[in-house]
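Q: Please take me on a close look at one part of this model, and then show me how other parts of it are put together. I would like the cut-offs behind each term as we go.

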Amino acid sequence: MTTAGPQPGQPVVFRNATVLTMDDSRTVLTGADVLTDGERIAAVGPNLAVPEGTAEIDATGGIVMPGMIDTHRHMWQTAMRGYGADWTLTQYFVYYYLTWGKKFRPEDYYAGNLLSAIEAIDAGVTTSVDWSHGLQTTEYADAAVDALEAVPGRFVLAYGNIHQGAWEWATTPEFRDFYDRRIQGKGDMLGFQIAFDLPGVEGFPEKAAFDVARDLGVAVTTHAGVFNVTSDVGINQMYDGGYMVPGTIYVHAATLSADSYHKIAATGGFASISTESECNAGQGYSPTWKLRRYGIPVSLSMDTSVWWSGDLFSAMRATLNADRAMEHFEAHASGAGVTNHILRAEDVVDYATRGGAKALGLDSVVGSVEAGKKADLVLIKNDNSPVSFPVLQPYGHVVFQAGRGDVHTVLVNGKVVKYDHKLVGVDLDHAKSAIESTIEYLKAEHGPEEWDKGMHPEIPEHETLANPYTYREDVSAWKESE
């Protein structure tokens, strides 16, 4: 048995780990092994016998869990990481939908997607939905897929174009040709969705795009329940037209009526919650506390790195915090207190793994650590961190203690893509070069004043209340007289 880092084609065994299986019973194993062979998990259990030549990874003190799954990430925007940290949703719309978003070139989509795909696998996000909603032509879509296929992760291209109506771009021969050329036959390593929103346009023109999705046999993903943007009108149009079908993903889903939530639940829909986004941009309060009342299954997403972090540790933490904050807020409003939390750490770990797999129709493929499933696995272990021990409550450790820097090893489809905290088979220098080129181009297009202005929106006027307990101006003299 070898002890060196895993080599291509080698079986891999994680030894002596705490294993969050995320199976139907959410079984937690201690002192257990996980063996992979080829693309799949071969066995899970203590003291596994392994084939000759298996690469052994000492997971003592660490946690092995399924690869995390992000069901909604605008990957092309990662080229401008952090640029919009102080934006509102309105400022985001103005920038990307109405002005500068139109300036992006296919090579800029490639750069953003490439960096986003790399940062995802680095953080243990083994499956990402590229909510690519600025694909002005199929040349842009080709660039987006080129980037995804250059990184050893599992991806879903959610094809969209905010600069046209969905009924326009989705019905073109070029769109169908792109699907046939780049997507069909790629299997579970490169999936496909159609991404568009329903602002409630009279006559329901989006029907044509739904018909294309139905013809291709692919799911629709849509930003639903976004305050003052998408409402119950769009949900009613979908429902009345027969287009609320199992596998549809409703992103944010924060400001819908009870009737709309019932329709989503009854038709087999899923919610994709981006809590950092909802809390910062104002789509509505992150709705997990509402969704569980209606029985709507939840997955997690990061939305965009132009604002927020690109890892699901942040998503899990923010989601649990927001849910519990609302729980306390509602209880306090009625004069009561909370003695037991409803949403638990293990629930949000499920959202980030199995929940995403179910939403994407991949539950039989990934999302849990079970023999026979594809080997998308993450080892959380950092022997150089004082926060790595003790691991007493492993779900709580993942949610509140761990972070990107604690991701020791990542496997996607049985292939080691990160080992001993270092990416494997990834050309980070190429990604840096592509991003530098994009930023240089965008800065030139903006000009120095506009570039700086975009990062620093105006601060609105606000009032600081007068304090009735402020000391008198003569307080110093008064003290001296004493």
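**Helix α13 and beyond**

A: In α13, the buried residues are Pro 394, Tyr 395, Gly 396, His 397, Val 398 and Val 399; buried means under 20% relative accessible area, exposed over 50% and partly exposed in between, with a 1.4 Å probe and protein chains only. A word on the basis: this is a predicted model, where local features need pLDDT of at least 70 and side-chain atom pairs count only at pLDDT 80 or more, while totals for chains, interfaces and linings use all residues. Residues are numbered from 1 along each chain as its sequence is written, and side-chain values use heavy atoms, with hydrogens and water left out.

Helix α13 spans residues 394-401, and six of its eight residues are buried, so the rest of the structure largely encloses it. Helices (H or I, at least four residues) and strands (E, at least two) are DSSP runs, numbered from the N terminus. The cover over the buried residues of α13 includes the strands β1 (12-20), β2 (28-37), β5 (63-66) and β14 (377-380), together with the helices α11 (312-333) and α12 (345-359); contact here means heavy atoms within 4.5 Å.

Now to a pair of helices. Two packed helices are described by the angle between their axes and the distance between the axes. The axes of α2 (residues 106-122) and α14 (residues 428-446) come within 9 Å and cross at roughly 140°. These axes are lines fitted to C-alpha atoms, for helices over the stretch in contact, and the angles run from 0 to 180 degrees between N-to-C directions. That makes α2 oblique to α14, since under 35 degrees counts as roughly parallel, over 145 as roughly antiparallel, 65 to 115 as roughly perpendicular and the rest as oblique. The crossing of α2 with α14 is left-handed, which is to say that the near helix is turned anticlockwise from the far one by less than a right angle; clockwise would be right-handed.

On the α2 side, the contact is made by Glu 107, Asp 108, Tyr 110, Ala 111, Gly 112, Leu 114, Leu 115 and Ile 118, and α14 brings Leu 428, His 430, Ala 431, Ala 434, Ile 435, Thr 438 and Tyr 441. By class, that contact has ten nonpolar, three polar and two charged residues. Nonpolar covers Ala, Val, Leu, Ile, Met, Phe, Trp, Tyr, Cys and Pro, charged covers Asp, Glu, Lys and Arg, and the others, Gly among them, are polar.

Salt bridges come next. The structure holds 34 of them, each being a side-chain nitrogen of Lys or Arg within 4 Å of a carboxyl oxygen of Asp or Glu. Glu 119 and Arg 73 meet in one, at 3.7 Å from N to O. This pair links distant parts of the chain, with Glu 119 in α2 and Arg 73 in strand β6 (residues 68-73), 46 residues apart. Glu 119 is buried at 8% relative accessibility, and Arg 73 is buried at 2%.

Glu 107, from the α2 side of the helix contact, forms a salt bridge with Arg 105 (3.4 Å, N to O). Arg 105 is partly exposed at 23%, and Glu 107 is partly exposed at 43%.

Asp 363 and Arg 354 also form a salt bridge, their closest N and O atoms 2.5 Å apart. Asp 363 is partly exposed at 22%, whereas Arg 354 is buried at 6%. Elsewhere, salt bridges that share partners join Asp 70, Arg 73, Arg 81, Glu 119, Asp 122, Arg 404 and Lys 418 into one network.
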